[in-house]
Amino acid sequence: MAKNEQTAENAQLKDIIAHAKEYGFVYPSSEIYDGLQAVYDFGPYGVELKNNLKRLWWETMTRLNDNIVGLDSAIFMHPTTWKASGHVDSFNDPMIDNKDSKKRYRADVLIEDKAAQYEKSGDQERAQNLLNAMARLLEAEDLTGVRELIINEGITCPLSGTTNWTEVRQFNLMFSTQVGSVAEDASTIYLRPETAQGIFVNFLNVQKTARMKVPFGIAQIGKAFRNEIVARQFIFRMREFEQMEMQFFVRPGSELDWYKQWAATRMQWHKALGIPEEKLRRHDHEKLAHYANAAMDIEFEFPFGFKEVEGIHSRTDFDLKSHQEYSKKKQQYFDPEINQNYIPYVIETSIGADRLFLMTMCNAYVHENVDGKERTYLKFHPAIAPVKAAILPLTKKDGLPEKGQEIINLLKYDFNIVYEDAASIGKRYTRQDLIGTPFCIAVDHQTLEDNTVTIRHRDTTEQERVAITDLHQRLSEACSFRRIFEKC
Ligand code: ATP
């Protein structure tokens, strides 16, 4: 990537970060103490947007599929869970330090960034060779080889500009803590690094109590924690984040068909949400995790390049089998159709709510110059916009605020509405553009005469006169998830 290109991309991310902070979407955590790296808080508009995205995902899974049910399992789990899942032994990232800048990096990310540079400059083959070489070395756990690759590729530390690298070491990403008052080994537990294991250990509970028949899925939204080595790119990589995972249990042997189906379904979901096709791509994994027999990512073109938003993995029967072994409790399903007992295979779809949030912000952020006039707005799909409509009386007198209040009472039970009567109408429109409100409803003197209002549309700034009695219907149509579901 050319330096000036990189700078422009970083500038775009910087603008989005500044916008998110200034307009109440995302703040650094405990900012008055200078923040905590890779931890963020969501402000008033951020929490609305995130809740809408989570609800959209939840309803897509549990309402559009009559064979998927929900679960909310605890963050803390019996420590053996993480032994069985393989996280204690192999949930590691390879890390490397630059001796001059004292900065720590993920060795695989340094190499991937180099490959992305080759790809950007048109040298696909070199990029692919580099990724293959890395995959081979990681597979063989040859960390010395990984270091040599970094040095041979001339990868320098972006801060010091040198290749003065330490050895590559493995680093376990799980946070641990103690339960009980006595600090002994037995009381060490982990903050879950993924929500999936809560689903696996409840597989039989859910199957039996909800009377599910294979194929069926269990969906869950919840916090996950990873002690990420490199925390960067804003909320893209955090130490505390939220995952939305769905494990789909299938008959052994049918998993690759289901994998294909879920990969297509999930890609279509992102498009239905309004993400342009050219900003999405599929990336098939070269190096498969210990539990998978096929895996891919859905990537979005962030200002810092194409990066993973969602993972789709064919996890085989690894997890259930391993829990059966460690717990000594059968994790089998009796399939009445074929009269057989088996441990189901699993297809997983896993997306970070925060990464989805960042993708949505990046996709919605528009800074344009029309006829010499600059305008910034967030073009969220109305169904996920934090605020659906703003009620704006033209003046604070003549009964207009009271009329505005009447309209709020008509709409507030079904939509998130705000009211503003300070400042000029133009300034109030601008403010709503900046938080992505799709409709501004202006109440003026004509409203008192004929019960009509002006709706101003965020993306086009066009205005139209509408009867108050039509408002609820208009908002319902525009803001319903149905409009997204129909494209799924
Ligand atoms: P990466 O390669 O970016 O570290 P991963 O392959 O480890 O991600 P998974 O374990 O497959 O990610 O997790 C599934 C999803 O959870 C990811 O697609 C991403 O959306 C989200 N996710 C994972 N780690 C983080 C994180 N540190 N911060 C925010 N979201 C995350």
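Which side chain does the side chain of Thr-437 join in a polar contact of 2.7 Å? The partner is Gln-432. A polar contact is a pair of N or O atoms within 3.5 Å; within protein, one must be able to donate a hydrogen and the other to accept it, and residues adjacent in sequence count only if both atoms are side-chain atoms.

The model is predicted, so local features need pLDDT of at least 70 and side-chain atom pairs count only at pLDDT 80 or more, while totals for chains, interfaces and linings use all residues. Residues are numbered from 1 along each chain as its sequence is written, and side-chain values use heavy atoms, with hydrogens and water left out.

Thr-437 sits in the loop between H14 and strand S21 (439–443). Helices (H or I, at least four residues) and strands (E, at least two) are DSSP runs, numbered from the N terminus. Thr-437 counts as buried because its relative accessibility is 1%. Buried means under 20% relative accessible area, exposed over 50%, and partly exposed in between (1.4 Å probe, protein chains only). Beyond its neighbours within four places in sequence, Thr-437 is in contact (heavy atoms within 4.5 Å) with Val-387, Lys-388, Ala-389, Ala-390, Gln-432 and Arg-458.

At the other end of H14 is another loop residue. Ala-423 lies between strand S20 (417–419) and helix H14 (425–435). Ala-423 has a positive phi of about 70 degrees, although it is not a glycine. Most residues other than glycine have a negative phi, and most peptide bonds are trans. At 52% relative accessibility, Ala-423 is exposed.

Ala-38 also has a positive phi, about 65 degrees, without being a glycine. Its loop runs between strand S1 (26–28) and strand S2 (40–42). Is Ala-38 buried or exposed? It is buried, at 7% relative accessibility.

The backbone holds a cis peptide bond as well. This bond joins Val-214 and Pro-215, with omega at about 5 degrees. Pro-215 is placed in the loop between helix H9 (203–209) and strand S9 (216–225).

Now turn to the charged pairs. How many salt bridges are there? The count is 34, where a salt bridge is a side-chain nitrogen of Lys or Arg within 4 Å of a carboxyl oxygen of Asp or Glu. One of them links Lys-54 and Glu-242, at 2.7 Å from N to O. Lys-54 belongs to helix H2 (residues 44–64) and Glu-242 to strand S10, so the pair ties together parts that are 188 residues apart in sequence. Both partners are buried: Lys-54 has 16% relative accessibility, and Glu-242 has 9%.

Glu-277 and Lys-271 form another salt bridge, with their closest N and O atoms 3.7 Å apart. Here Glu-277 is exposed, at 54% relative accessible area. Lys-271 is partly exposed, at 27%.

Glu-406 pairs with Lys-403 in a salt bridge, at 3.2 Å between the closest N and O atoms. These residues are three apart in helix H13 (residues 400–411), so about one helical turn separates them. Glu-406 is partly exposed, with 47% relative accessible area, whereas Lys-403 is buried at 12%. Elsewhere, salt bridges that share partners join Asp-93, Arg-106, Asp-108, Glu-228 and Arg-237 into one network.

Around the ligand are 17 residues, of which Glu-228, Arg-237, Met-238, Glu-308 and Val-309 come nearest. A residue is near a molecule or strand if one of its heavy atoms lies within 4 Å of it. The shell divides into five nonpolar, five polar and seven charged residues. Ala, Val, Leu, Ile, Met, Phe, Trp, Tyr, Cys and Pro count as nonpolar, Asp, Glu, Lys and Arg as charged, and the others, Gly among them, as polar.

For Arg-355, a polar side-chain atom lies 3.0 Å from an oxygen atom of the ligand. Phe-236 places a backbone N or O atom 3.4 Å from a ligand nitrogen atom. Taken alone, the ligand exposes 600 Å², and the protein buries 85% of that. These accessible areas come from the Shrake-Rupley method with a 1.4 Å probe; for residues, only the protein chains shown count as cover. Strand S10 (240–250), strand S13 (305–316) and strand S16 (345–352) each give two or more residues to the shell. The largest share, five residues, comes from S13.
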